[in-house]
Amino acid sequence: VQTCALPIWHARRDGTVFPSLMHNSILRDDAGNPVGMIGTLQDITERKQVEEERDRIFNLSQDLICIAGTDGFFKHLNPAWEQVLRYSTQELLARPFLDFIHPDDHHKNDAEVAKLAAGEKTIGFENRYICKDGSVRTVSWTAASLPELGQMYCIGRDITKWKQAQDQLESYRYHLEKMVKERTAELQEANQQLRLEVAERIRTEDRTRASEKWLSTTIRSIGDGFIATDAKGHITLMNPVAQALTGWSQEEASGKPLKTVFNVVNEETGKPAQDIAAQVIRAGMAFGLADNSLLIARDGTTRPIADSGAPIMDEDGNVTGVVLVFQDVTKQRMAEEELQHRTHDLGERVKELNCLYGISALVETPDVLLEVILQGAADLISASWQYPAITCARILFEDKEFKTDTWTETDWKQ
């Protein structure tokens, strides 16, 4: 018996067609002559739909998703690779992936590949990639492998901006520590504590955990919220992240209109955002919410989000549903606010140090009069205050008064 399987489109009696797999077997007699054939037809519509949903997630994700071989070559890449590295998919597949990795990271990358080849998992591994324009991007990886197939299944997130913010904070801390070390042990201790607090706050442990079987668990393991609807905008599928962010379980949300579960308002006006499912279905093209969108969960919790929606289409180009991918950007906003706050604090510390340096210079001036020192101190103190433009100072020493030119007696004092 010789058997072969052919993928074909099969027509039903009513004229509709469906994807199928035809299995044909040739029967032979004892002499090897063909005497007959047996054929079976398998409906693979559901499998095709699952594959199409997988491909949409694969193509829509802003993270870098790939299948790589332990032979050192990429096997499959999603479109995010072209957007981040600026190389075409053909260029990336044609060369060993080490060609795109920063030379200083080759050694640790080889060690991580060896671990994956042995069946171990990767969580939070970072390396640097060189883009086509020469710029460098830092990527954080979560990966798993199937050693028997010699393949690695990887999801990477571009954390370059986060690393740059971290490096900038490190630079601020270094210069502040140097100034404090030169002038005062007390400020050195305070700055050391501040450095530890900032480092603790900016640490993040949000890493996407990959599954051993990437094909069957991509929707569940993706780090963004994922919601799919039918052609009427009613929910058909939600991943765990979407359930957690909205407060609705898959069972509760199934069949409900998207706007009932995905409750989004304008953060500034509080007005409801437009129904993104209705927009996509009506226009037949991808849409995204405004940057100031706020998701209101079922329990009233609010989170700033970024999202995009795209149509699901059948073979004839008809919209059969919508796929929505969104993410919580709370931590990103907190990191930006933390950087602004720390930058302001550093500026205040510098003003205080300048005041101390100025007073020290006055005291160290040969033959300087006490009156000159006290008057100079009054001028320097007002300049070091939080609002120097409206601050005035006065020093009373014995029966003498030393004050700034802008001194005004008010009810408020400090």
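**Entry 1: E338 and R342.** I looked up E338 and found it buried, with a relative accessible area of 16%; buried means under 20%, exposed over 50%, and partly exposed in between, with a 1.4 Å probe and protein chains only. R342 is also buried, at 8%. The model is predicted: local features need pLDDT of at least 70, side-chain atom pairs count only at pLDDT 80 or more, and totals for chains, interfaces and linings use all residues. Residues are numbered from 1 along each chain as its sequence is written, and side-chain values use heavy atoms, with hydrogens and water left out.

I then noted that E338 and R342 form a salt bridge, 2.9 Å from N to O. A salt bridge is a side-chain nitrogen of Lys or Arg within 4 Å of a carboxyl oxygen of Asp or Glu. Both residues lie in helix α12 (residues 330-364), 4 residues apart, about one turn of the helix. Helices (H or I, at least four residues) and strands (E, at least two) are DSSP runs, numbered from the N terminus.

**Entry 2: E371 and K400.** I found a salt bridge between E371 and K400, with the closest N and O atoms 2.7 Å apart. E371 belongs to helix α13 (residues 370-383) and K400 to strand β16 (residues 400-403), so this pair ties together parts 29 residues apart in sequence. E371 is partly exposed at 33% relative accessibility, and K400 is partly exposed at 39%.

**Entry 3: Network and total.** I recorded that salt bridges with shared partners join D63, R157 and D224 into one network. My search of the whole structure gave 16 salt bridges.
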